[in-house]
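Welcome, and please open your viewer with the model loaded. We will go from one selection to the next and look at what is there.

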Amino acid sequence: MPDSGKLPGMLDLDELEALVDKGEIDTVIVGITDAMGRLQGKRCGARFFLDDVARHGVEGCNYLLAVDVDNNTVDGYSCSSWENGYGDLVMKPDFATLRRLPWLPGSALVLCDIHSTDGRPIPVSPRQLLKQQIDRLESLGYRANAATELEFIMFETDYEDAHMRHYADLEPSTQHNVDYSLLATSRLEPVIRDIRVGMEHAGMAVEASKGECNFGQQEITFRYRDALTACDNHSIYKAGAKEIAAQHGRSITFMAKYNEREGNSCHVHFSLTDLDGNPVSTGDSEYGFSPVFQQMIAGQIACLSDFSLFFAPNINSYKRFREGSFAPTAIAWGKDNRSCALRVVGENGSLRVENRVGGGDVNPYLIVAAIIAATCHGIEKALPIPPITTGSAYVTEADRVPGSLAQARDSFAKSTVARELFGDQVVDHYAHAADIELQAFGRAVTDWERERGFERL
C-alpha cells in the first residue's frame with residue numbers, strides 16, 4: 001500500500017496560518033482542473049484566503065467548463081451559456097490537497113471541487129465525475145489505486161520563442177534516441193532534477209526519471225496513490241513541470257503526437273483493494289487472477305471503444321495510434337505484452353493492469369474515471385475475461401481503438417453503457433466538446449495542405 005504518512009510539502013490549515021504569520025507564504029493558489037485537464041483558478045492573498053476563501057470558497061465564471069482550448073466561449077453547453085448569463089460557479093477547497101509549491105516562492109496551492117452557487121456539485125466537472133465513479137466502486141466493496149506515467153518532449157527554447165516560431169523547427173533537448181541513457185540525460189539533469197525535487201517537496205513520491213525514444217523525450221514517474229490523489233498530483237505535476245522548464249528557458253509539450261516519431265503516452269497503472277486496503281487481484285485461475293481481477297480486465301476491454309474519447313480527447317491524439325509504435329491499436333490484453341491495450345504486470349500484491357491507450361494530452365480525472373466505470377461494469381455484469389493475447393497484438397483480429405476523434409465521439413455519444421455509468425449530461429457535454437474540436441479543425445488550413453497543394457496541385 002502507498003505510504004500513508006504525511007509527505008513533504010503537504011500542509012493543514014494550522015500549518016498554513018503559521019507560515020503566513022511568519023511571512024513564508026503570501027499567496028494561495030486556488031485551482032480547479034478544467035475539461036481539458038488544465039489547472040485554472042485564482043491567486044489569492046494568503047490572509048484573505050484564510051479569512052474568507054477557506055470557509056466559503058471563491059467564485060469564478062462557469063464558462064471554465066465550457067470553453068475551447070483558446071478560452072473562447074462556445075455555444076451548445078447546457079451548464080454555461082449566454083442564455084443563462086454565464087453566471088458563477090464556486091471553487092470549494094479540498095484541504096487534503098493543500099501544499100507548498102517550492103518552485104513558486106511564497107506560494108501554496110489547494111485544489112477545489114466545483115459547485116453551483118446554490119451548493120450542488122457540478123456533474124461535468126472532471127474531479128466530480130471521478131469522485132462519482134470512486135463512490136460507485138466503493139459501493140461494490142473496492143477501492144482503486146492508480147499511477148500515471150506521463151511523457152513529454154523538452155525543447156531548447158522558451159515558450160515565447162516557440163510561439164513566435166509557430167511551434168515548428170524547435171531544437172529538441174536531445175539529438176538521438178536516449179531511451180534509458182544515463183550519459184545523454186545527464187545534460188538535462190539541471191532541469192529534470194529541479195522537476196523531480198520540486199514535485200518531491202510538493203507532496204509527491206517520485207520514483208524515477210528516464211530518457212525516452214523521441215528526441216528530447218523524457219518521463220518522470222511517481223509512486224501509486226489512491227485514484228483521486230493520483231489524478232490531483234498528475235494535474236499539479238503537469239503544470240509545475242512546464243513552469244519549472246520555463247524558469248530554465250526551456251519549453252516542454254505533452255501533446256500526444258508532436259511529430260512523426262514516437263508520441264507522448266500516459267500509461268495508467270491500476271489496481272483494486274478491498275475497503276480495508278487488502279489487495280484483491282490474485283487468485284486460483286489459469287493466470288493466477290482473482291474473479292474480480294478478471295472482471296476488471298473484461299470490463300475495460302468491453303468499454304474501451306465506447307470510452308475512448310476520455311483516453312484520446314483531441315484530434316492529435318489519434319495520430320499516436322500506429323502499429324509497431326508502442327502505442328496500442330488492438331483492444332486486447334496480455335501478460336507483460338506492450339503491444340496490447342491492457343498489459344498485466346506485477347505479481348502477488350503488486351499485480352495490476354497497465355492501460356496503455358492514453359496519450360500525454362489526457363485529462364487524468366477523465367481517463368481514470370473511465371477505467372473505474374469500466375471496472376464497475378465488468379464487476380456488475382460478471383463479465384468473463386476475454387482470451388489472452390500472446391505475440392504481437394498488432395497482427396491479431398482483435399477490435400481496434402477508434403481511428404479518429406469523430407469515430408470516438410460517435411461511439412461515446414451513442415453508448416448506452418456510457419449513458420448508464422456517466423449520465424446523459426456528462427455524455428452530452430463531452431460529446432459536444434469533441435464537436436467543437438472537430439469543427440475547429442475542419443476550418444483550419446494546415447501546413448501539410450499548403451506543402452502538398454501550393455504548387456503541385
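How many of the 21 residues of α7 are buried? Keep that in mind while you select residues 227-247, which form helix α7 in this predicted model. The count is 15 of the 21, so α7 is largely enclosed by the rest of the structure. Now check the helix length: at 1.5 Å a residue, α7 should span 30 Å, and its end C-alpha atoms are 30 Å apart, which agrees.

Next, step past the end of the helix. Gly249 follows α7 and has a positive phi, near 75°. Then select Arg250, found in the loop between α7 and β11 (251-253). Arg250 has a relative accessible area of 15%; buried means under 20%, so Arg250 counts as buried. Show its surroundings: leaving aside residues up to four places away in sequence, Arg250 touches Met154, Phe155, Glu156, Thr157, Asp158, Tyr159, Ser173, Leu188, Val191 and Ala245.

For the last stop, select helix α11 (residues 405-414) together with helix α13 (residues 424-443). Their axes lie 9 Å apart, and the helices pack at an angle of about 160°. Angles over 145 degrees count as roughly antiparallel, and α11 and α13 are therefore roughly antiparallel to each other. The crossing of α11 past α13 is left-handed. To see the contact, display Leu405, Ala406, Arg409, Phe412 and Ala413 on α11, then Val426, Val427, Tyr430, Ala431, Ala434, Asp435, Glu437 and Leu438 on α13.

Technical notes:
Residues are numbered from 1 along each chain as its sequence is written. This is a predicted model: local features need pLDDT of at least 70, side-chain atom pairs count only at pLDDT 80 or more; totals for chains, interfaces and linings use all residues. Side-chain values use heavy atoms; hydrogens and water are left out. Axes are lines fitted to C-alpha atoms, for helices over the stretch in contact, and angles run from 0 to 180 degrees between N-to-C directions. Helices (H or I, at least four residues) and strands (E, at least two) are DSSP runs, numbered from the N terminus. Angles under 35 degrees count as roughly parallel, over 145 as roughly antiparallel, 65 to 115 as roughly perpendicular and the rest as oblique. A crossing is left-handed if the near helix is turned anticlockwise from the far one by less than a right angle, and right-handed if clockwise. Contact means heavy atoms within 4.5 Å. The expected span of a helix is 1.5 Å times one less than its number of residues. Buried means under 20% relative accessible area, exposed over 50%, partly exposed in between (1.4 Å probe, protein chains only).
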